[in-house]
Amino acid sequence: MAVTRTFAAGPDQFFQQIDRIIKSHSLRSSESLCKLLQYLATQALTHPDAPVKEYQIATEVYGRHADFDPQSDSTIRVQAGRLRLKLAEYYASEGAKDPIVVRIPKGSYHLVFEPRQAEGQLQSVPLREPSAPTVVPPTVPAPWRVAIVTLLACLIVSLVVLGSLLSTRKQADAAASLAPAHVLSGPLAKFWRPFTSASEEPWVIFSNAAFIGRPETGMRYYNSRQDSNASVYDHYTGVGEVLAVHALDDAFASLGRKIRVKRGSLFSLDDANKNNLIFVGSPSENLSLLDIPGTQEFVFERVHSGPRKGDLAIVSRHPKPGEASDYLASPSSSPLIEDYAVVGLVPGKSSDRYVMILAGTTTFGTQGAVEFACDPETVEKLLSQVAGSSADIKPFEALVHVKIARGVPLETELVTVRPR
């Protein structure tokens, strides 16, 4: 831990500063960066002479397997770069007056605590004594005055040019710290490359179905045949969709990219023509999916007859030997312990655009589908079937089984895949 010798603050003050940063607007929305900052602070204060290794962070903070290879997977470097930017953002705003400055020097993962320089410290020029005699400066000849003015003008121009160059370099460094996903490696980078290689961020369209009624009196899905005169509410969404958007944001941040989020009722066909899209939620609630190219092998349909009539199912158009023709979640009359979901990459409306569909028959199935697509381990299994040794991933449709307990997806398992 690098600390100035005259720095009087102790571990308690350092941890208080870390806690202050974690609760700030700059960092509190990113759980993965908060975990990294807490870990680096603990290591710096408890093991000040032991350098922190990339492999150590990967396995102890992010739960990567023992075979993690820092040379082929740049996730930790990207996360550290994001944390440096967030610390700079914090000290430029909320932490502008904090007495302790926390930073991570480039090329290292060892946290540094430094005292903030006192304001005015560089302006400690002693004032002239009142009794000192007044000195009258000599008169400067006119030719010299012209020369001085010319030199000052040149100096100002040089400073402006230098400032411009430094600003450009700073922007370039910031861009470099957020490395484009196409130069990153690892399962997540490969899986999401169609969405991270574009210059613009993808839109995440989450479902917010139309309801009538109110929570305190009872709500149900809007039915255009019988509810044409009823007030429609489209500002509700499921718990799974909320957590799914957070998981996607975290995954894209690890790849040095951002996402844009829009609710389904505000989606337009213009969005489909100009952007890569990620749909969170099934067509039964994310009605926007009905207006764009969707899945062909695994489709969402209501059961028409039998004891499960009216329930939403995922229907397999061409089941293989040993596979079922339709897949349903646990019956509504019993606790929800399982669901099925679709993870599908399909071509967009434009030839250079893609659509990712992540949808279960319930909100928790949808959450499970997104977590499946954001987990390097499960993504790697899927890639082995749809990409193999190829550098690029091709369109596909996959069916996953989601195990649920008390409203939490615990495990997702790949059932079957259909390349397109």
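Me: What volume does the largest cavity have?

Reply: This is a predicted model, in which local features need pLDDT of at least 70 and side-chain atom pairs count only at pLDDT 80 or more, while totals for chains, interfaces and linings use all residues. Residues are numbered from 1 along each chain as its sequence is written, and side-chain values use heavy atoms, with hydrogens and water left out. A search of the whole structure finds 1 cavity of 30 Å³ or more (on a 1 Å grid over the protein atoms alone, a set of points where a 1.4 Å probe fits but cannot get out). Taking volume as the space filled by probe spheres set on the grid points, which are joined across faces, edges and corners, the volume of the largest cavity is about 40 Å³.

Me: Which helix gives the most to the lining of the largest cavity?

Reply: The lining (residues with an atom within 4 Å of a point) includes Arg64, Asp73, Pro187, Leu188, Ala189 and Pro376. By class it holds 5 nonpolar, 3 polar and 2 charged residues, where Ala, Val, Leu, Ile, Met, Phe, Trp, Tyr, Cys and Pro count as nonpolar, Asp, Glu, Lys and Arg as charged, and the others, Gly among them, as polar. With 3 residues, the helix that gives the most to this lining is H6.

Me: Which helix gives the most to the lining of the largest pocket?

Reply: The largest pocket (an open set of points with protein on both sides within 12 Å along at least five of seven lines) has a volume of about 1200 Å³. Of its 38 lining residues, Tyr62, Arg64, Cys374, Asp375 and Pro376 are the closest to the centre, and the lining divides into 13 nonpolar, 13 polar and 12 charged residues. Among the elements that each supply at least two residues are helix H2 (31–46), helix H4 (75–91), helix H8 (239–254) and strand E14 (408–419), these being DSSP runs numbered from the N terminus (helices H or I, at least four residues; strands E, at least two). With 6 residues, the helix that gives the most is H8.

Me: What volume does the second largest pocket have?

Reply: This pocket is lined by 26 residues, and Tyr221, Glu285, Thr361, Thr362 and Thr363 lie nearest its centre. The lining divides into 9 nonpolar, 12 polar and 5 charged residues. The volume of the second largest pocket is about 460 Å³.

Me: Is H1 roughly parallel or antiparallel to H2?

Reply: Among the residues in contact (heavy atoms within 4.5 Å), Phe14, Phe15 and Ile18 in H1 meet residues of H2 that include Leu37, Ala41 and Leu45; by class, this contact has 10 nonpolar, 2 polar and no charged residues. The axes of H1 (residues 11–22) and H2 come within 10 Å and cross at roughly 170°, with axes fitted to C-alpha atoms over the stretch in contact and angles running from 0 to 180 degrees between N-to-C directions. Since angles under 35 degrees count as roughly parallel, over 145 as roughly antiparallel, 65 to 115 as roughly perpendicular and the rest as oblique, H1 to H2 is roughly antiparallel.

Me: Over which residues does pLDDT stay under 50, with 13 contacts beyond four places in sequence?

Reply: The mean pLDDT (the predictor's confidence in each residue, from 0 to 100) is 80, and 79% of the residues reach 70 or more. Where pLDDT is low, the predicted coordinates should not be read in detail. The stretch with pLDDT under 50 and 13 such contacts in the model is residues 1–6.
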